Each structure stands twice: as structure tokens, then as C-alpha cells.
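Dear colleague,

I am handing over the structure below, and I would be glad if you could look through it alongside my notes.

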Amino acid sequence: MTEEKLFQAVGGIPDEMIEEADSYTFEKKPLSKFRLPQIAAVLAVVCLIGGGIWLGTRSMGRSNNHNAADPVGENGLEFQAYVGPVLPLTAEGNTEGISAERSVDYDFQDGKGTAAKITDRYLLTNSSGQEQTLSLLYPVLLSLGDAPDRLPAVSINGEAADTVWRCTDFDCFSYGTIQLNDGEDYPVLNEWSDWKSFAALFEAAGCASHTYAEGELPDLPLTVYRVRQENADAASAAPVAELSFFADPSKTTFLTYGMNGYHLKGDSGRYGVCSWLNEPRSSKCLLIVYGDDVSDILLEGYTDGSCEKKSEAPVNAVYEREETTLQALLPELLREWSINYRQGVRLSSLFFSAPEQLLTAMLSDLLCQYEPLLDSWHLNQYLGPAFLEDLFQKLFTGNIYYLAFSVTLPAGGSAEINCEMTRSASRNNICRHKKSDPPSDLLGYDMAAKLGSSLSFTSLEASLSGASRITMLDNNFGFDPAAGILQAKLDPAQDYYWMRLILTTDSGAEK
Amino acid sequence: MDDQAIIALYWDRDEEAIRESDASYGRFCRRISLNLLGSEQDAEECVNDTWLTAWNRIPPVRPHSLKAFFGRITRDLSVSRLRARHAEKRDGGTAVLLDELAECLPARGGVEDTVETAELATAVSRFLEALPAEDRVLFVRRYWYGDTLRTLAEESGIRENTLSQRLVRLRQRLREELRKGEWI
């Protein structure tokens, strides 16, 4: 069978399906032609030109649909960079006879930048007549590129808990990042910029039941050609080495690692992959072949990166062929990639403390999405030669992670669980054009009281610390720092709490 | 003018049928052809050929759905034109569609070339019938109409990356169905 036959077969579908597809109305609202990062970039420029438009009024920015009693409206907080709420602890399995009291503290004194230090405390009580061991899960929105303090530190009765990281399936829930004008990356939930959409997605995804901590990579057989410099100090050698070969794209998928892409060599039917020898992208330069092996391999020197002008100088490189598997190769390349990542992007991030088995499982999860492409034995727009490097980068896609741990509660006994972390605020990057627009340095923090949790909460409290660093604009916790009200008793049956504030200096002047 | 009236014009061999067809379905057919051929001039010629083909087929054919009838003709003519235009060189939007659909098939071995396309179409239709409406529509819009991912993303409100992953899964499921049906 050919793809054309299948294309013809698709052409033979019933009339009803053709009509349905033409008249179908999608439920979701159309995306703007201008994407969020583009808007952010444009507005950042406008902000710079305008230069500190918002300096005066403290009046609350409200959308027309909102009223004084409910200023954020039914969508909850809405921000360009909405980072999602602090989520409640949950448990796997039976929780009958277990009750939970929860208190959450937002500490703006100990936070960094716009982040606050969050302490999410739980007192779990076992009112049943027998000992119970609970498998608990603490959810948090993270990217592996986040700072290490974004990962909650969990303790049980004051002792550090033995936690296992779990990741949610990438196709269940993931988000990207947006770089705002302070140069930092902020997570942005896929197409969702408000609490209501987040909660709907979180519930629909059933994140807690789609998690993993371990996974196996596919055992695909591969042939690898490693190109390496022969003499490190061969200054007179050709600056570029090209490995060229014949391959039948219907029978061979080839990938590269650490090379500068691939090219077709004119009408010769040969493919070429190349690398600068004096400034290689990586200490490992590989041509990776899946399927039928490539043939008639040549290693030649060039003077230019596009491999058009052959070098008269000798090529200072050799290549070696080896047979391996994707299962064996990927961890090696991930380790290599992480060294480059540490040097080039960030010295410290959660990536470096993530358990290797979790990274392997995440790679396996990501590969599952590409498996049909790998199996199709040809290169296309989804599977570029630098696919593996792209795949590693995708590990940094934000997701809902869970910290899994267990606690044993004797009959009638209780345990205190503390989850401490630093969390960025939700924020905008817009200028204030009219009084009704929100201030550009408006920050949002919110909290889900019961979303996704199987625990039965009997009480819920919240408190503010370091309140001298903030000016509270409005909230539904019941906080009023100006009046000294820094603690609030909340209704555990109400799912959503939020606050909007502006950071100030300790002296009260605006930041 | 409604479909029955246009069909009646064809049966009466009234050339007004072509003008009315173009007025009602010209834009629809141009979109399909343009998606596949990527050339406005070629698309225009294909649409004109569509009316001529319809003139030759009606009568005796009395289409159940005129829109689907015209759309099919346009699609077939566009693919034929593409094949002729690029006998050697793969080009245009269709090459991408073929690449994507090829993922549902093994590259080597498999079924005999003698398998009837109509039977395969029935298998594909059965697969599509079992899908949720939105998935089915996305598949048909991509692989029947040849709509680009960007067009689908803008219309559906689904990000292009998400959409492409969703189509990957749909193709994977189709491949599984074809495998189960021993088509591959």
C-alpha cells in the first residue's frame, strides 16, 4: 500500500463527514492571530517608550464584567502569565476516617523578587479505629528549568519526608513559558490564563491518576557514527568536517546529535552532516541511523559551514561506527546535553536534581508521542535531524508534578505535614492606558481549597507574613494588612481564594 | 439556489447550472484545490474543470450531497494535476499530507497493491465514525480538505503544537485500526 492509496481512500469517506467537517463549529474561542509572546514583546517596547506609566493611583483595575463585590469575576484571577494556584494535598486510595485541617501562609519577606515563600500545612487525623498508611501526593506546577527552591520541601512531624517525584503525562497537562521584560521566563498555561480554565483542565485531565516516576525507553536498534577530532591542536586543518553518505529515506531515518544539521548534496542523492571542528556544538558529534544503514560514507574537510567549498587542508577528524540501541544511547546523550545546558543556559535548576529514572520516564513519555514518526522510517517536518536535542529541550515543558510520600497514622492519631516552597506570582506585562486598566506591576496569588483532592478538609486558614512589603489591592481571603488583619479563617467548601497586590519596599514606597 | 434546483439544471442540460454551481460552491472548491496545489491559477483551472466534470456526470448521477460531490471532484482533479505537474518532484501541500498519512503505513512489506481503495475507504470511514466529532472533523479537515495546521488552529482555538500532537495520535490510532483489519 502507498500513502497515495490511503490519501485516495480518505477521499472516499461518506458525504456526511465531508459536510460535517465544513459546517462544524469548534467550541473553543479562536486564537488571536497575535500570540501572547508577540503581544508581550510589543507591549514591552511600548512600556519602555511610555516609561513608567503607572505611578499614581491605587485604584483597582476591573474588567467591565466585574463588580465591586466580586472584582475578579467568575473566571477568578486572569493574568498574561498565570502561574496557577497553590494546589491541595491529595491521597491515593481509601481516605475514610481521615480528616484534614489546612493552613497556608504567604510570606513576602522571605520570598525572592516577586515570589513569595509559601508554607502549606496539614494536620491529618485518623478517627478510625485502626492504623492507616496513607499514600499522599502533593501537586505543584513546575518546569525543570525552574529554580530549585520551587520544588516543595515536604516534612512529616518536622522530619524531612522521603518523597518520590512524579510527572503527569505530557499529553494531559503541560504548559510553556513566556519571557517578560525583566528577562525571566514565566510559566504560561497552554491556552489558559485564568483560574476557571485552569481548574476545568485540571479536573478533565485527572492529573493525579496519570502520573509516573519510572519508565523504560524503547529498545530500538541503532547504528551510530561518531565523528571526533583527531588532534586537538591541528590549527592548519580544515575547519569543517562533513560526513556524507547515501541513504534511502523510505528505509532509513537518520538523526544527528551535536552536528550542524544536514543537507542534500545537490542532485547527487547524497546527504551530508557537518560540524565545525574548532567550535563544535558539543563534545559528541553523532550521526544516528535507524533502519537500513547508510552507505558509501565519506569524511571530508570544508572551509565553510554550508560545505560548499572543499578545504585543501586535511580534515582533522575520524569517524567510528558502532551498533547500539536508543535505550543505551539516550541517557548518554542526555548527560552530555545537560553539561551544555548547564554551561549555556542556567547554572542551577531543578533539572539537575531530578532523579534519572524520572528523566528517563519523561523521555519515554515524550518519545511515545513521536513513535509513529520513528516507525514511519522517514524524515519529515516533525522529526528533524536535531530531533534528540529538541526532545531534551521539551523536558523543560512545564507540567504538574507530584511529590509522593506515605505517612502512617495510628488509630486516633494525627500527623503534621508541611510543604514549603517559593512561588512566583501571576502577572501581566501590559501598560496602563486608562484608569480602568490594571496596574502593570499587579501580582496575583491564588489557592485551590479542594481542587483535585480526595481528602476531607474540616478547616482551612490562611495567613500573611512580611505584609510590610506589599500593598494589598483586593482579595477574598479576608486579609486587610492596613487594618492589621493578617489571618483569615476560610470556608473549606469554597474552592477558590485569591489576592491581588503590589510589592512595595519595607518603607512603604512603591517598588 | 438550492441543490435540487441546481441538479435539475444539470439534468435539463442548462448551462446556467455551471454559473449557479460556481456561485454556490466555487469558493468551497477553490479552497480545497488551493490547499492541495498551493497555486491560485491552478486552483482556478481545477474548479473550472470541476464544473465540466460535473456536467459530464450529471445525468445520470443524481448527487446526494452536491457539496461533497463537487468537493470530491475538485480534490481528485487537484491530486491528478499535482501528480502530472510534479511527476518527479514532490511539492505543494499534498506532499506534506502524504508524508503524514504515510505514518499510518509500514514502509516495507504489507498488503498487496491490489487491495481495493474503496474497501480501504470503508475501513477509514469506520475508524472516523468511531471518533469524537471534534477529532473526526480535525482529521477530515486536514486530510480531506487539506487545511493547514495554522488554519485549523485559528479556527479551533487549539495551539498548533497541540493540534499537531493530536493529529499524531489520530494517525497512530488509524494505523492501529488498519493493522487490526490486516490492511498492513
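Helices (H or I, at least four residues) and strands (E, at least two) are taken here as DSSP runs, numbered from the N terminus. This is a predicted model, in which local features need pLDDT of at least 70 and side-chain atom pairs count only at pLDDT 80 or more, while totals for chains, interfaces and linings use all residues. Residues are numbered from 1 along each chain as its sequence is written, chains are lettered from A in the order in which they are written, and side-chain values use heavy atoms, without hydrogens and water.

On confidence, the predictor gives the complex an ipTM of 0.79 and a pTM of 0.61. Where pLDDT is low, the predicted coordinates should not be read in detail.

Helix 6 of chain B (residues 117–129) has 13 residues and reaches 18 Å from its first C-alpha to its last, close to the 18 Å expected at 1.5 Å a residue, the expected span being 1.5 Å times one less than the number of residues. Its buried residues (under 20% relative accessible area, 1.4 Å probe, protein chains only) include B:Leu120, B:Val124 and B:Phe127.

In the lining of the second largest cavity, strand 22 of chain A (residues 443–448) gives the most, with three residues.

Best regards

Conventions. Buried means under 20% relative accessible area, exposed over 50%, partly exposed in between (1.4 Å probe, protein chains only).
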